[in-house]
Structures are given as C-alpha cells and as structure tokens.
Amino acid sequence: MDNLKNHIGQLREDFMKGSLTETEVNKDPFRQFELWLQQAVDAGVPEVQAMNLATVSADLKPASRIVYLREFENNNFSFFTNYNSGKAQQLNANPNAALTFFWPELERQIRIEGQVEKLSAAQSDAYFNIRPFESKIGAWASRQSARLESREELERKINNFKMMFSPETIMRPEFWGGYSVKANYYEFWQGRKNRLHDRIVYSQENGSWVISRIAP
C-alpha cells in the first residue's frame with residue numbers, strides 16, 4: 001500500500017498539446033463548446049459524452065456522478081434519469097448543478113454551471129422512444145438509488161417487465177425522464193506546461209457573456 005501511495009504521489013505529467021487565449025475563443029460559449037466537442041469526437045475520445053454531474057442536497061451535502069449528455073442546444077445540456085433517484089431528489093430540493101467534461105487525450109476540460117429544469121413530457125417521450133428495448137426495460141425495472149436485496153431481485157424485475165411489454169407496446173414510465181441544465185457559467189481549461197494552465201471563463205453580466213482569464 002505504501003508503494004501505491006508513493007506511486008500516486010509522484011505521478012507527474014506536463015501538458016503540451018495546446019493553448020487557449022481570450023482572443024481565439026468564440027464570443028458565444030455554446031459555439032465554443034460545440035467546437036471542442038466536435039474536436040473531441042474527431043480525435044476519437046472514448047465516452048466523449050460522459051460528464052460529471054454535481055448536485056447539492058437540501059442539507060447542503062454535495063454529490064457527484066457520471067451521466068451521459070444526450071441533448072444540447074442554446075446553452076441547455078440534457079440528461080435522463082429516474083425522477084425518484086438520489087440525483088433527482090437533490091435537484092428537486094436545489095435546482096443548481098455543475099457539469100464537467102474531461103478529455104485527457106486533448107488535455108482539456110469544460111466546466112459548466114447552471115440551473116436545472118425538467119424537460120417536457122413530450123421531450124422525454126421522444127428520447128425514450130429511440131432507446132433500445134433493453135434500455136427501456138431497464139428504466140421500468142430499476143428503482144434507481146433504492147436498496148436491492150440482490151442482483152437476482154433486479155433480474156427478476158427485468159424478466160417480469162419483459163413479459164409485460166413488447167417493443168411495440170412499451171411506453172415511457174412517468175417516473176423517468178429528462179433534465180436540462182441551463183448554463184450561466186462556462187470554463188474552458190487547456191492543460192499547459194508546469195501546471196500553468198489556460199482557463200478562459202464566460203460569465204453572464206446584464207444578459208451578455210463576458211470573457212475573462214482566471215489563474216491556473
């Protein structure tokens with residue numbers, strides 16, 4: 001264990017793949033996000049849609065987990081979940097959230113902060129309808145974040161719903177759907193040598209985006 005601790009403590013890596021300046025970024029942070037996302041896709045970054053979602057409960061306890069970005073438009077970033085899950089309960093109590101994308105292959109990360117709203121039933125239906133049948137069954141079978149007695153309990157529920165539904169008859173459960181994070185803050189982070197990273201932020205002031213640099 002001591003060797004492992006020493007190994008972790010001594011890990012070092014200089015970032016040399018790029019730079020970022022206030023003048024080269026797009027004046028619209030959403031367009032800058034789209035540009036970096038496309039570059040990550042083109043670079044073959046695995047799980048490029050994975051993002052850390054951070055929430056805070058009513059008693060001010062933070063929690064975070066990885067979810068998938070599924071839709072994005074006009075500073076809105078959407079994901080889908082069970083509306084009774086732990087994350088949903090926290091968002092219902094405190095609708096502020098933070099997202100982080102990390103793409104080590106490009107030595108980049110993007111931080112986004114904003115307020116969260118539920119997507120409409122029609123939007124959630126539209127996404128649910130394009131999911132694979134097995135994923136739809138999973139949405140019905142999993143009481144997300146609730147305690148399970150065993151893996152077999154979950155598998156029994158899956159089998160029961162498979163007998164109940166067919167690919168033609170399955171509908172979205174009312175307890176499952178989407179949330180959208182409406183961004184009011186962005187940070188674009190480009191790794192640089194000696195930990196002197198470039199950090200360009202966009203913050204909203206009087207309805208406009210203000211671009212600035214912050215210290216690494």
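Which strands do the buried residues of H3 pack against? The buried residues of H3 pack against strand S1 (50-56), strand S2 (62-68), strand S4 (76-82), strand S5 (96-103), strand S6 (108-118) and strand S7 (176-190). Before going further, note that this is a predicted model, where local features need pLDDT of at least 70, side-chain atom pairs count only at pLDDT 80 or more, and totals for chains, interfaces and linings use all residues. Residues are numbered from 1 along each chain as its sequence is written, and side-chain values use heavy atoms, with hydrogens and water left out.

**Overall picture**

- The protein has six helices and nine strands, taken as DSSP runs numbered from the N terminus (helices are H or I with at least four residues, strands are E with at least two).
- The C-alpha trace spans about 55 × 50 × 40 Å along its principal axes.
- Of the 216 residues in the protein, 38% are buried (buried is under 20% relative accessible area, exposed is over 50%, partly exposed is in between, with a 1.4 Å probe and protein chains only).
- Take the contacts (heavy atoms within 4.5 Å) between residues at least 6 apart in sequence: 65% of them join residues at least 24 apart.

**Helix H3**

- H3 covers residues 86-93, and its buried residues are Lys87, Ala88, Gln90 and Leu91.
- These residues sit on the same side of H3 because they cover an arc of only 160 degrees around the axis (the arc is that of the directions from the helix axis to the C-beta atoms).
- Gln89 and Asn92 are exposed, on the face of H3 turned away from its buried side.

**Salt bridges**

- The count comes to twelve salt bridges (a side-chain nitrogen of Lys or Arg within 4 Å of a carboxyl oxygen of Asp or Glu).
- One of them pairs Glu187 with Arg111, with the closest N and O atoms 2.6 Å apart. This pair links distant parts of the chain, since Glu187 is in strand S7 and Arg111 in strand S6, 76 residues apart. Glu187 is buried at 1% relative accessible area, whereas Arg111 is partly exposed at 26%.
- Another joins the side chains of Glu155 and Arg151 (3.5 Å, N to O). Both belong to helix H6 (residues 151-164), and because they are four residues apart, about one helical turn separates them. Here Glu155 is partly exposed at 36% relative accessibility, and Arg151 is exposed at 56%.
- Asp198 and Arg213 also form a salt bridge, with the closest N and O atoms 2.8 Å apart. Asp198 lies in strand S8 (residues 198-205) and Arg213 in strand S9 (residues 208-213), so the pair ties together parts that are 15 residues apart in sequence. Asp198 counts as buried at 6% relative accessibility, while Arg213 is partly exposed at 36%.
- Salt bridges that share partners join Glu22, Arg192, Asp198 and Arg213 into one network.
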